[in-house]
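Here are my notes on this one, written as numbered points. Have the model open beside you as you read.

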Amino acid sequence: MQSTIYQGHTKRSKVVVVMPAYNAEKTLKLTYAELPKDKVDLVILVDDGSSDETIRIAKSLRLKIFMHSGNYGYGANQKTCYIEALKENSDIIVMLHPDYQYDPTLLPELLRPIENGKADIVLGSRLLVDDALKRGMPWWKYIGNRFLTKIENIVLKQNLSEYHTGYRAYSRRFLDSVPFILNSDKFVFDQEILVQAVHQGFRIAEVAVPAKYFSDASSASFKDSVIYGLNIFFLLIKYLLHKSGIVKQKQFESFVKRYTAVQPDTE
């Protein structure tokens with residue numbers, strides 16, 4: 001890991017992995033088992049009202065656990081993840097879905113651009129190497145992902161291969177600089193935080209992360225995916241209105257720390 005010099009001694013970057021979990025009992029242990037433990041200082045799991053054995057398994061793995069009292073949503077889960085990770089004085093925060101779809105062993109690849117000072121955000125892209133269909137991604141999800149990514153690239157003037165990954169690394173400086181608490185509690189949170197990043201000039205890098213598709217991996221339904229896509233269009237319209245000065249949006253303005261999010265129970 002990158003080291004920083006402080007008055008004659010070396011301080012290693014502190015890496016915290018956060019797992020936003022919901023009914024992940026079948027895949028959590030598999031995901032955790034393949035994390036390179038020598039690269040990770042702490043794993044935080046935030047449970048968003050699971051009705052299965054997710055909490056019991058997380059306790060057996062000795063993860064740091066936070067529990068929402070109900071199912072508040074994927075975005076609300078991430079808000080708690082990042083707030084709790086920042087409280088741990090982390091330098092790099094990695095968000096990894098505990099559904100075993102993304103390869104945990106590739107975590108060092110996500111860390112490297114931030115450690116080397118070349119990026120503030122690293123996305124683990126399933127489409128950087130275009131074999132997602134061969135690996136089992138549903139055709140309608142593949143087409144939707146490609147289409148939405150193209151639109152987002154046009155609006156945001158970027159050249160990313162994918163905006164919709166559940167495997168990401170963020171620098172502390174980034175999370176301390178954007179008002180992510182003002183974002184949606186739903187799935188569009190992932191896109192909102194990237195729009196905030198682009199708007200404030202943060203650097204985004206990508207690394208190839210081949211994904212697995214199987215019955216126990218979490219996957220949005222076709223209906224949910226359509227709603228998600230419509231929400232992205234609405235987000236991009238809001239961003240363009242803000243950027244043009246027609247309708248200002250607080251979520252795209254400078255961050256005023258610090259926030260109060262969903263108050264979870266802790267174990």
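1. Let me start with Asn145. Leaving aside neighbours within four places in sequence, Asn145 is in contact with Arg126, Leu127, Met137, Glu162 and His164, where contact means heavy atoms within 4.5 Å. Asn145 sits in helix H5 (residues 139–156); helices (H or I, at least four residues) and strands (E, at least two) are DSSP runs, numbered from the N terminus. With a relative accessible area of 5%, Asn145 is buried; buried means under 20% relative accessible area, exposed over 50%, and partly exposed in between (1.4 Å probe, protein chains only).

2. A word on the ground rules. This is a predicted model, where local features need pLDDT of at least 70 and side-chain atom pairs count only at pLDDT 80 or more, while totals for chains, interfaces and linings use all residues. Residues are numbered from 1 along each chain as its sequence is written, and side-chain values use heavy atoms, with hydrogens and water left out.

3. Next, how H5 packs on H8. Their axes are 11 Å apart and the angle is about 5 degrees; axes are lines fitted to C-alpha atoms, for helices over the stretch in contact, and angles run from 0 to 180 degrees between N-to-C directions. That makes H5 roughly parallel to H8 (angles under 35 degrees count as roughly parallel, over 145 as roughly antiparallel, 65 to 115 as roughly perpendicular and the rest as oblique). On the H5 side the contact uses Trp140, Phe147, Leu148, Ile151, Glu152, Val155 and Leu156, and on the H8 side Phe222, Ser225, Gly229, Ile232, Phe233, Leu236, Tyr239 and Leu240. By class, that contact has 12 nonpolar residues, two polar and one charged; Ala, Val, Leu, Ile, Met, Phe, Trp, Tyr, Cys and Pro count as nonpolar, Asp, Glu, Lys and Arg as charged, and the others, Gly among them, as polar.

4. Gln191, Glu192, Val195 and His199 of H7 meet Tyr228, Ile232, Leu235, Lys238, Tyr239 and His242 of H8. The class count for H7 with H8 is five nonpolar, three polar and two charged residues.

5. How many of the 11 residues of H7 are buried? The count is 10, so H7 is largely enclosed by the rest of the structure. Among the buried ones are Asp190, Gln191 and Glu192. Just after H7, have a look at Gly201, which takes a positive phi of about 80 degrees.

6. On to the rings. A search of the whole structure gives 10 aromatic pairs; rings of Phe, Tyr and Trp (its six-membered ring) pair if their centres lie within 6.5 Å, with planes under 30 degrees apart counted as stacked, over 60 as edge-to-face and the rest as tilted. Tyr170 and Phe174 have ring centres 5.4 Å apart and planes at 20 degrees, so the pair is stacked. Both Tyr170 and Phe174 are buried. Tyr239 and Phe252 have centres 5.6 Å apart and planes at 80 degrees, so this pair is edge-to-face. Tyr239 lies in H8 and Phe252 in the loop between H8 and S10, so the pair ties together parts that are 13 residues apart in sequence. Tyr239 is buried at 3% relative accessibility, and Phe252 is buried at 2%.

7. Last, Val247, which is in the loop between H8 and strand S10 (265–266). Its relative accessible area is 38%, so Val247 is partly exposed. Beyond its neighbours within four places in sequence, Val247 is in contact with Leu241 and His242.
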